[in-house]
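Subject: Structure handover

Hi,

Here is the structure you asked for. My notes follow below it.

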Amino acid sequence: MLLLLVISALAAAAPGQSTPAATASPTAPPQKEAVPLSAEHLTRPPAIKHFAEAAYPKEAEEAHLTGTVGLQVDISETGAVTQVVVLEPAGHGFDEAALEALRRFEFEPAEIDGKPAAVRITYNYHFVLKPVEAAQPAPGEGPINLLGTVREKGTRKPLAGVEVLLLENGRSTSTDGRGEFAFRDVPTGSIQVSVIAPGYEKFATREAISAGRQTRVSYYVEAQLFSPYETVVRGKARKEVSETRLSVEEVQRIPGTLGDSLKVVQNLPGVARAPFNGGAIIIRGTGTNDSGIYLDGERIPFLYHFVGLTSVYNSDLLESVDFLPGNYSAYYGDQIGGVVDVKSRSSRTDGFHGYANINLLDTSVVLEGPLAKNLSVAFAVRRSYIDAILNATGLVSNFAVAPRYLDAQLKVEWRLAPHHTLTLLALTDDDRLELLLDRPANNDPTVQGDFSVHQGFTQFRLRHVYQNGPWRIDTMGLVGPSEFSAVIGSERSLHIYNHEYNFRSTAEYEVAPWLTSAAGLDIAYQRPRVQANIERPPREGEPQIPGVLRDKVSISRPLKFYLPSVWAELRLRPIPRLLIAPGIRSESYIYTDQTRADRSLNPRLGVRFDLTDRVTLKGGVGLNHGPAQMGEPTSEFGNPDIRARKSLQTSLGAEVKLTPEISGSLEGYYNRLSQLPESTASGPPFLNNDGIGRTYGLELLVRHSLSKRLFGWVAYTLSRSERLNHPGDAWRLFTQDQTHILTAIASYKLPRNWQIGARFRYATGNNFTPVIDSRRNDNLDVFAPIFGAINSERLPSFNQLDIRIDKIWVYDLWNLDFFLDIQNVYNRQSVEGVTYSYNYRQRQYFKGLPILPIIGLKGSF
Amino acid sequence: MRALGCIAVAFVFTVWLLSACGPDLERQSQLERVRVLAVRADPAEIVFDPQGSVPPAPVRLTSLTYAPDGGPEVTYALCRPGANVYAQDVQCPGADGLTLDGGVVDVGDPSVRALLAADGGVPLTDPSFQPQLARGIQLNVGYLATDGTPGDRGVERGVYQLSLRATEAPNHNPQLVQIFVGTNQAQPLQGARLPLKTKVTFTPSLAPGSVETYVDAAGQTQTELLVYSWFATGQGKVEDFRSQEPFNGLGKRESDYTTASVPEVVTLYVVVRDGRGGTDWIVRSFSVGP
């Protein structure tokens with residue numbers, strides 16, 4: 001089975017034929033050390049066993065031309081080269097020569113999970129002309145009197161396999177795995193030293209060699225295309241039948257998102273544009289709370305700081321973002337929408353690194369590195385300063401605590417024994433805002449005095465991964481408190497103090513090369529204590545009169561949410577081209593006031609078939625359930641015996657590999673929703689499971705995978721999402737039903753470390769329920785709207801262009817990235833909603849932000 | 001309960017945001033169409049004696065109104081219990097209410113009692129209903145104000161909630177006695193002449209005893225929090241539509257007003273509410289000019 005595992009590889013110069021002006025010095029080109037992947041994938045990269053020297057093209061040699069040919073090489077599980085494709089041609093005969101040489105290479109095969117496996121790598125074959133080599137002293141003669149290291153400028157990364165030349169002496173050597181080199185018996189006096197590294201600018205300097213002394217040097221060579229990130233695109237033969245994975249460099253560079261991983265997902269097909277360009281994740285016509293947002297397989301209490309400014313986990317500590325819009329593995333459950341699983345990355349072990357990032361909204365600092373041979377740590381902290389800006393400018397004077405957010409993460413990894421890795425991840429978040437209103441609010445005279453919002457959480461996650469041969473066992477425990485408090489004037493308040501205890505254990509066993517089995521336990525337990533005096537919150541599709549005119553609900557007691565699940569799955573390959581993944585997941589939903597526990601059984605089936613080497617068909621069908629949300633299972637707010645909402649998901653599509661870097665995907669889906677909680681005419685109970693829904697559509701993605709210079713994609717979704725609240729009602733549109741969603745993104749690296757990117761978006765407007773009349777309440781001096789047909793009108797469509805420009809200055813020990821992110825370049829204020837006059841006789845559109853430039857500086861070492 | 005916080009945050013921010021939106025929309029302080037600015041009950045609530053020895057006094061409802069060409073006619077009706085007074089198909093005054101002649105609510109009137117008792121709504125003489133009476137119930141009185149102008153500019157519908165309670169400490173209407181220009185209570189507003197295009201401060205003055213204390217349903221002693229609403233004719237702008245009597249160091253009773261750039265005579269209407277159904281108002285006129 002061919003795993004499409006691509007490792008960016010840099011090779012030392014492949015020397016040309018010798019001439020009076022050039023010599024050939026074949027060296028075994030080492031591979032660049034692969035990015036440390038999680039233990040579940042690459043355990044040993046392929047290594048060259050037999051290096052085949054290419055014939056230097058006569059035309060190029062006579063013209064004193066050099067070149068680098070970028071190639072894609074498929075290596076079998078026996079180490080044989082099965083296919084070679086030129087990705088970046090150099091012309092002048094170099095391409096043909098490199099192709100011919102690569103076909104004669106032999107490799108030690110790569111290992112995946114400790115077993116030989118086929119891989120695909122990129123390999124740069126370099127043609128370099130070297131000076132004539134004079135007679136060299138025999139190895140071992142004389143003391144070492146010139147030694148040093150060669151590192152990459154800006155990142156301090158040691159460069160292995162790089163050629164260091166003493167041109168005037170005709171001597172050369174290569175750096176070892178630590179980037180070190182040494183020369184013996186170098187003549188005293190001034191001598192020129194050159195460093196030739198493929199993909200790097202040529203480096204040359206003069207050193208003074210003194211008798212009886214050792215000269216120690218450090219050289220920093222600049223990459224021709226600087227990138228602090230490794231390019232790792234994971235393979236397709238993973239457990240998910242349909243998945244889009246984004247690398248961290250793609251995440252960091254998308255205009256308009258400021259590198260926020262969750263906001264990047266909003267640019268993929270199947271995801272609606274969020275209101276106010278905020279943080280809502282609306283997947284295939286379901287609400288944000290209907291989808292699962294995970295960090296390493298476990299959920300986090302709050303996704304965003306203050307209504308979607310930025311997500312609570314620093315995206316620089318992420319390895320990848322997995323987006324699963326539907327028909328996913330039985331590993332995921334307790335939701336009826338899609339899944340976004342962000343994966344934290346391992347901390348770097350090649351020395352201490354970090355950065356400081358300052359922009360208009362916040363400042364963040366990251367530090368990481370090895371503490372011991374098998375122990376590494378990463379720490380990140382971020383704090384906003386909106387409060388300081390507001391206080392300094394005096395724009396708003398009645399903040400008791402101006403809005404500010406703070407988050408921090410600490411990750412410690414310990415490879416405590418062969419096959420065992422232990423990880424501790426601690427994360428915390430704290431957001432506050434407090435206003436003192438010296439006058440009642442116009443639209444609600446009961447809102448006066450104190451107005452405050454505070455949310456925060458802390459989580460401790462302990463994870464153990466065991467990987468040995470066919471076995472992989474991944475176990476994680478999570479504990480942590482969270483708090484949400486809101487005080488709205490003297491009459492409304494909501495306080496939730498929660499303690500969360502989760503446990504997840506997954507075992508995978510490769511029974512045979514064509515059969516892998518997996519099973520797991522997934523338990524979530526929460527004990528919130530709720531104190532509230534507040535109206536029942538509005539529900540989607542149920543417009544409400546102002547809260548000031550509705551009865552309040554009082555509650556002050558502890559609650560319980562217990563959601564245990566077990567699941568099992570097989571991944572079968574009866575023939576190499578066909579993957580069948582049946583699974584089943586059993587879930588239970590246990591709440592405080594239930595008279596009987598609610599349970600569900602969720603069968604799943606996913607299929608992938610490689611029609612050809614370029615075309616894959618995929619499809620799936622599966623049942624999903626989502627537990628009660630918010631206060632739904634309480635007697636005060638909803639119904640203790642409310643059933644879990646249900647979704648039957650189906651999808652069918654195809655993927656096409658147009659070129660090695662350009663792929664396309666077209667997928668159709670149809671989801672049938674049922675048992676949706678809806679308000680009763682009068683309670684208690686205040687909810688029942690009358691609601692049903694249907695969502696369907698087509699999603700198209702054409703993507704240029706991250707290469708040296710370019711990445712981007714075009715995503716288009718055609719969709720419809722409808723609901724029916726109660727039997728006998730008419731079908732109506734879901735509030736965030738957006739018929740057309742188009743996103744086009746491109747980012748390109750220019751010379752001299754400039755990078756420019758653009759994002760264009762178009763989306764059909766959201767739906768809203770119009771007000772057709774009103775009645776006044778004299779006691780409160782406010783008007784109550786009377787609504788027309790639910791979601792019967794639509795806002796104007798949305799379109800926006802964002803641009804991002806980066807310029808990186810690379811110094812020896814660090815690099816500085818200046819960025820300018822301009823959101824809404826042509827200053828078109830989008831329509832985000834409708835606002836009415838006090839008596840609802842007039843209305844006008846509520847606009848979004850105008851053009852918004854944000855600048856920032858990031859210094860990394 | 002994970003999502004409750006997120007939704008609630010969105011909810012409170014929506015309330016906050018929308019309360020300050022719409023610079024181009026008609027302001028509530030502007031008087032341009034038929035308006036009912038306040039309804040007052042005299043006495044402030046129906047005091048009910050469960051023993052029946054003292055008949056409840058009738059309550060007369062009066063309104064502070066505005067219409068471009070003179071006061072509109074106001075009709076009151078006692079709405080049937082259980083009717084959703086904010087639904088479009090509920091007509092009160094109309095088929096869903098008992099018209100109140102002269103705006104008088106007399107609980108001793110048999111037709112009123114019959115309406116209240118219908119569908120088990122408010123059985124005043126039922127002993128099991130007495131605890132509820134002690135806490136107080138709200139009777140919905142619908143009103144319809146119209147000056148005959150066609151369209152929605154000539155009509156307004158609304159509800160006033162009249163308290164009915166068995167108590168020995170009934171609520172009283174506050175008394176708004178004066179509006180001053182500035183904060184030092186030196187210059188009454190009535191008849192004042194103010195400069196053009198100038199921001200001025202108006203300060204209301206209450207009669208002693210207007211801010212009452214009371215015992216709430218939980219047995220706690222509370223102090224009324226009085227809220228003012230400010231309305232004006234003319235081209236000037238009420239900067240602060242609502243203000244409140246200071247309490248525990250918080251709150252401002254003053255309201256800022258920016259005079260027009262053209263000479264005019266302005267009528268200012270100020271309403272005060274005590275949050276328990278008690279209401280009063282004052283009307284003052286002043287001129288603006290060079």
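How many residue pairs are in polar contact across the interface of domain 1 of chain B and domain 2 of chain B? The rule finds four, with both residues at pLDDT 80 or more. A polar contact here is a pair of N or O atoms within 3.5 Å; within protein, one must be able to donate a hydrogen and the other to accept it, and residues adjacent in sequence count only if both atoms are side-chain atoms.

Ground rules before the rest. This is a predicted model, where local features need pLDDT of at least 70, side-chain atom pairs count only at pLDDT 80 or more, and totals for chains, interfaces and linings use all residues. Residues are numbered from 1 along each chain as its sequence is written, chains are lettered from A and ligands numbered from 1 in the order in which they are written, and side-chain values use heavy atoms, with hydrogens and water left out.

**Domains of chain B**

Chain B splits into domain 1 (35–166) and domain 2 (176–288). The bounds come from an automatic or database domain assignment. Over C-alpha atoms, the centres of domain 1 and domain 2 of chain B are 27 Å apart. Domain 1 of chain B puts 13 residues into the contact and domain 2 of chain B puts in 12. Contact means heavy atoms within 4.5 Å.

Between them, the two domains of chain B bury about 1100 Å², with 64% of it on carbon and sulfur atoms. Buried area is the accessible area (1.4 Å probe) that two parts lose on being put together, summed over both. Leu37(B), Arg40(B) and Leu64(B) account for 49% of what domain 1 of chain B buries against domain 2 of chain B, more than any other three residues.

Arg40(B) also pairs with Asp280(B) in a salt bridge, with the closest N and O atoms 2.5 Å apart. The count between the two domains of chain B is one salt bridge. The term means a side-chain nitrogen of Lys or Arg within 4 Å of a carboxyl oxygen of Asp or Glu.

Strand 1 (35–42), strand 3 (59–66) and strand 8 (155–165) of chain B each give at least two residues to the side of domain 1 that touches domain 2. Helices (H or I, at least four residues) and strands (E, at least two) are DSSP runs, numbered from the N terminus. That side of domain 1 of chain B has seven nonpolar, three polar and three charged residues. For these classes, Ala, Val, Leu, Ile, Met, Phe, Trp, Tyr, Cys and Pro count as nonpolar, Asp, Glu, Lys and Arg as charged, and the others, Gly among them, as polar.

**Chain B against chain A**

Each chain brings 61 residues to the contact between chain B and chain A. The two chains bury about 5500 Å² between them, 60% of it on carbon and sulfur atoms. The count between chain B and chain A is five salt bridges. In one of them, Asp778(A) meets Arg273(B), with closest N and O atoms 3.3 Å apart.

Helix 1 of chain B supplies 14 residues, the largest share of the side of chain B that touches chain A. By class, that side of chain B has 33 nonpolar, 14 polar and 14 charged residues.

**The disulfide**

The structure holds one disulfide over all chains. The term means a pair of cysteine sulfur atoms within 2.5 Å. Cys79(B) and Cys92(B) form it, with sulfur atoms 2.1 Å apart. The torsion about their S-S bond is about -100°, so the disulfide is left-handed. Cys79(B) sits in strand 4 (residues 73–79) of chain B, and Cys92(B) in the loop between strand 4 and strand 5 (97–99), 13 residues apart. The peptide bond from Cys92(B) to Pro93(B) is cis, with omega near 10°.

**Chain A**

A cis peptide bond also joins Pro684(A) and Pro685(A), with omega about -5°. Pro685(A) lies in the loop between strand 42 (662–679) and strand 43 (687–704) of chain A.

Asp781(A) has phi near 60°, a positive value in a residue other than glycine. Its loop runs between strand 49 (771–777) and strand 50 (782–787) of chain A.

Glu508(A) is in strand 33 of chain A. The side chains of Glu508(A) and Arg571(A) are joined by a polar contact of 3.2 Å.

Best wishes
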